[in-house]
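This report is meant to be read beside the sequence and the 3D view. Please keep both open while going through the sections.

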Amino acid sequence: MKSKDRNYFKILRAGINTTYQDLGRNNLYHIGIPFSGAMDKRNFQLLNSLLQNDYNSPVIEFAYQGPHLKYFGKDIFFCISGNVSFKIITKEGVIDGNSYQCYLLKNGDEVDIHSTNKSVYGYFSINGTFGVDYYWGSCSINTQAQIGPNNGNKFSKDLEIEIIDINNSFNKRKLDYLGSTIENIRVIKGTNYDYFSESSQNKFFKESFKITKLSDRMGMRLEGPKIENIVDPNIKSEGLVKGVIQITSAGDPIIMLSDHGTIGGYPKIATVISADYDRLVQLTPGSNIKFKDVSLEDAETLYKLYQMETNNLISQIK
Amino acid sequence: MIKNILNLGDAALYCDFGSDVNQEINSNVIKYFYRIKKLNLRGITNLTPSYNKLIISYDLNIHSFLSLKKKIENIEIKENNKLEKNLIKIPVCCDNNFALDIKRVENKLKLKSEIILEKFFSKNYFCYMTGFVAGMPFLGDLNQEMRLKRLETPRVKVPKGSVGITEQFCNIYTFETPGGWNILGNTPQNIFDTSNQSNPNLVNPGDTIKFYRITLDQYNEIKR
C-alpha cells in the first residue's frame, strides 16, 4: 500500500495493557482457550453504537493509562468510552475530550489518553475498521496464550495501527452518560459452598474484601477475612466460568475474569452474577467490595434489566 | 440422560457425573461432550469436560437455566456409541537440564531415577481432559508406586514442553506458565498449534498417549 493512501495511527506511547478486543471467542474452553473479549461489554457496545460500527467491530482496550496516538490519513472520527481523561492535540491547539462524544481527526492530529478515572478499563475506536487478523472468529488479544493479532502481544511503542475502512456517511454523535458504579457485588452461592465453615460463610457475606494489585484480565485477587475450608482445600480439577470465586489454599478469594484458566482445582464459594460483571471489572485495586447473595431467578431477571438499561442508553445516542 | 444438573452462576449448567476419577466416568463425560457439541445448539457458548463434570456455558439472552436444563438432561446416548480413540506418540527427553524434579521424585518415591523413568515410559496414558492453558492434556493413570503430591511451592515459570506428574496424573505444559507438577522431562514436539485453526490440539480428550524416550541429540534434531 502506498503511504499516501494509508490511514493509520502511530503509537507514541503504548499505555498499559493496550490490546484489540471484540466480543471474544466461543466454544474453545474444551481446548483451554477462554472467551477473552472486551472486559466491560457495556462500554464496548456503547462505543460501537456511537460510531455506527458493526456490533462486533474491533476496538482498542486499555487499562489505567491509555495510548498516545498520532494519526496519518484522511479525515476520520474517533470516540472513547469509559470514564477516561484524554487530550486532543491539533494544529489549532490542545483540548480536553469527553467520553461518549465523537471527535474529528485530521492528518497529523494526536490523541493522548492520560488515564481512566476511578475505573480500570477504557475503549477507543474510529468510524471504520481496524486492519486485524482473526483467530477462531475473534480479534481479541489473549496475551497469556499469545493468541490474536500483533502475535498475541499487547501494543508497544512505534506500532502502527492500520485502518482498512472508513465509513464516509458517518454523522457525529454523542451520549450523555456518567457511567454506572456499584457497591455490592451480587453473587449466587457456588457448587462447593458447603466446603467452608459456617462462620466463614457468614464472614463472606458480612465483611468486606479489598481488591489487591494482583489483578489483571485473568483474575482478581482479594484480601480480607480468611475463609476457612473444613472439607478439602482442593477439588478434582473441573471447568471454570468467568465470575467464579474460588478460595485458594491460603483462604483468599480469587475471581475468574475474561482471560481465566479454563480448568481449576480450588473450591468455588460463589459466582458473580452476569448483571454485575461489567461493573466488577471496573473496580480498581484498593477498593473494598461486599458480596450479596441472590437467587438464580433474581440473577436472571437482573441480567434482563441490565440489558434493557444498555439498550435504553443506545437509544439515547444522538 | 444426565441425572445431576446444577447451576454454576447464572449462565452455566454444572453436569455432575460422579465424585470419583476413573476412565469409565470420564468416558461418559466425553461422550456427552461430543454428542452435545455435534448438536450445535443455538446459544451454547462453551462446553468444558473434565474428569467427572461437564460445564455448559450459555448465552443468557437466549436460554434460562430451567429451559436449557430440560433440553440437556433428556439427551440420550446410544449404548453402542464407542469413543473414538487415537494413539499419539510423543518424544520426551529426560536430560538433567529438563528433568527439573527427578531428585525430588527419587526421594519421595524412594526409587532410583532409571526405575522411575522406566515405569513412566512403560505405560500408555488416557487423556481425561485438556485445558487450564491452551492445549494442556491431563493424562492418567500412573502406577500406584509412582504417585506423589505437587511441589510445596509451585514454580513461577514452568518451561514450555515440560512433562510433569502428580498423584495419578501426568501432563504436558503447552506454554510457559506457573505450575506445581513434578517435572520429569521435556518434549520438543509442539502440542498446541495456534496456526492450526481447525485442530490446534495434538491431544484431545479420549486419546491414548505413548511417551517414548529420546536423547538430547535427538531432541535438538527435532527442535531444529
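## A bridge in the sheet

B:Cys15 has B:Leu54 as its bridge partner in β4(B). The strands are DSSP runs (E, at least two residues), as helices are runs of H or I with at least four residues, and both are numbered from the N terminus. Strand β2 (residues 12–16) of chain B and strand β4 (residues 53–58) of chain B run antiparallel and are joined by 5 bridges. Two strands count as paired if DSSP finds at least two bridges between them.

This is a predicted model, in which local features need pLDDT of at least 70 and side-chain atom pairs count only at pLDDT 80 or more, while totals for chains, interfaces and linings use all residues. Residues are numbered from 1 along each chain as its sequence is written, chains are lettered from A and ligands numbered from 1 in the order in which they are written.

## The sheet and its helices

The order β1-β2-β4-β3 (chain B) describes an open sheet of 4 strands with antiparallel pairing. β1 (4–7) and β3 of chain B stand at the edges with a single partner strand each, so one side of each has no neighbour in the sheet. On average, neighbouring strands of this sheet are turned by 20° against each other, direction ignored. Strands of a sheet pair through backbone hydrogen bonds, either parallel or antiparallel.

α1(B) lies across β3 and β4 of chain B and runs at about 160° to β3(B). Helix α2 (residues 65–73) of chain B packs on the sheet and touches β1, β2 and β4 of chain B, and its direction makes about 160° with that of β1(B). Axes are lines fitted to C-alpha atoms, for helices over the stretch in contact, and angles run from 0 to 180 degrees between N-to-C directions. Contact between two residues means that their C-beta atoms, placed from the backbone, lie within 7 Å.

## The domains of chain B

Chain B is assigned domain 1 (4–73) and domain 2 (87–223); such bounds come from an automatic or database domain assignment. The centres of domain 1 of chain B and domain 2 of chain B, taken over C-alpha atoms, are 28 Å apart. Their contact takes 8 residues from domain 1 of chain B and 6 residues from domain 2 of chain B.

On the side of domain 1 of chain B that touches domain 2 of chain B, α1 (23–39) and β3 (44–49) of chain B each supply at least two residues. The largest share of that side, 4 residues, comes from α1(B). By class, that side has 4 nonpolar, 4 polar and no charged residues. Here Ala, Val, Leu, Ile, Met, Phe, Trp, Tyr, Cys and Pro count as nonpolar, Asp, Glu, Lys and Arg as charged, and the others, Gly among them, as polar.

## Where chain B meets chain A

How many residues of chain B are in contact with chain A? There are 38 residues of chain B in contact with 30 residues of chain A. Two or more residues of the chain B side come from each of β1, β2, β3, β4 and β6 (124–130) of chain B. β3(B) gives the largest share, 5 residues. The side of chain B that touches chain A divides into 20 nonpolar, 16 polar and 2 charged residues.

Not counting residues up to four places away in sequence, B:Ala12 touches A:Val241, B:Asn7, B:Ile55, B:Ile56, B:Ser57 and B:Tyr58.
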